[in-house]
Amino acid sequence: MTIKEGLNSVLKTIPKGVKLVAVSKYNPLESLLEAYNAGHRIFGENRVQELEAKQKEAPKDIEWHLIGRLQRNKVKYIVPYVDTIHSIDSEKLLKEVNKRAGNVEREHPIKVLFQVHVAQEETKTGFTPEELMEFIESKPWDRYPNVEYHGLMMMASNTDDMEQVGGEFEQVAQLMKQIQSRANEISLPNTFHELSMGMSHDYELAIQHGATIVRVGSKIFHPEG
Ligand SMILES: *Cc1c(COP(=O)(O)O)cnc(C)c1O
């Protein structure tokens, strides 16, 4: 299968209203451009250095998503052009993004998602559901007004146990409901409704649990068959 065929086979399975982020990490710019030339415009990278290198060379109408862990000292490089940062995992990071976003001219505000840690793996980062609830009750939007708050992101445990994975998707979907049920009390921004969850092997399950953004890499760039 070519990349174009891989992309189309994934797109076929994604309902309208769910956004596909094509995760181009580890793939050369030429591969990204194959998907671009097939009509796709939304790409995700997990490392700033690789994102920077590709962004400089690639067409300017790409919507870039940073999906991996972000160090505070690298924030300044990406704020001029990044569309969405999926991996806000601490108040310190949000503070830095807010500060840098206040210093640049942009057409649209940077969108951010809070990364939630529910997986059974120490290596993954993010707020626990309890930490996030507490943080959100403190109304961070009042303190950090230069970004747009779009919702939650998570990575499920790296396992073939789909019951486990489905349970984790559901946990984050329920957390979103809990947050939205407090919308009035906490002045929740009305943009706060996105759920970024699901990768190549589990995105269809994620959509069943309410994902509105899926991040798919290998199934597009290394399709089988
Ligand atoms: C690599 C990656 C993906 C995509 O993974 P695939 O299995 O290649 O689809 C999604 N989200 C994050 C955060 C990633 O790092």
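The lining of the largest pocket divides into seven nonpolar, eleven polar and four charged residues, where Ala, Val, Leu, Ile, Met, Phe, Trp, Tyr, Cys and Pro count as nonpolar, Asp, Glu, Lys and Arg as charged, and the others, Gly among them, as polar. A pocket is here an open set of points, on a 1 Å grid over the protein atoms alone, with protein on both sides within 12 Å along at least five of seven lines, and its lining residues have an atom within 4 Å of a point. The model is a predicted one, in which local features need pLDDT of at least 70 and side-chain atom pairs count only at pLDDT 80 or more, while totals for chains, interfaces and linings use all residues. Residues are numbered from 1 along each chain as its sequence is written, and side-chain values use heavy atoms, with hydrogens and water left out.

The volume of the largest pocket is about 490 Å³, a volume being the space filled by probe spheres set on grid points that are joined across faces, edges and corners. Of the 22 residues that line this pocket, Lys25, Asn46, Ile67, Met155 and Met199 are the closest to its centre.

The ligand sits in the largest pocket, in the sense that more than half of its atoms lie within 2 Å of the grid points of the pocket. Among the residues around the ligand are Val23, Lys25, Met153, Arg215 and Val216, each with a heavy atom within 4 Å of it. This shell divides into six nonpolar, three polar and two charged residues. Taken alone, the ligand exposes 390 Å², of which the protein buries 87%, as calculated by the Shrake-Rupley method with a 1.4 Å probe.

The second largest pocket has a volume of about 170 Å³, and its lining includes Lys60, Asp61, Trp64, Tyr81 and Arg106. Five nonpolar, no polar and five charged residues make up that lining.

Terms used
1 Å grid on protein atoms, 1.4 Å probe; cavity = no way out; pocket = protein on both sides within 12 Å on 5 of 7 lines; lining within 4 Å.
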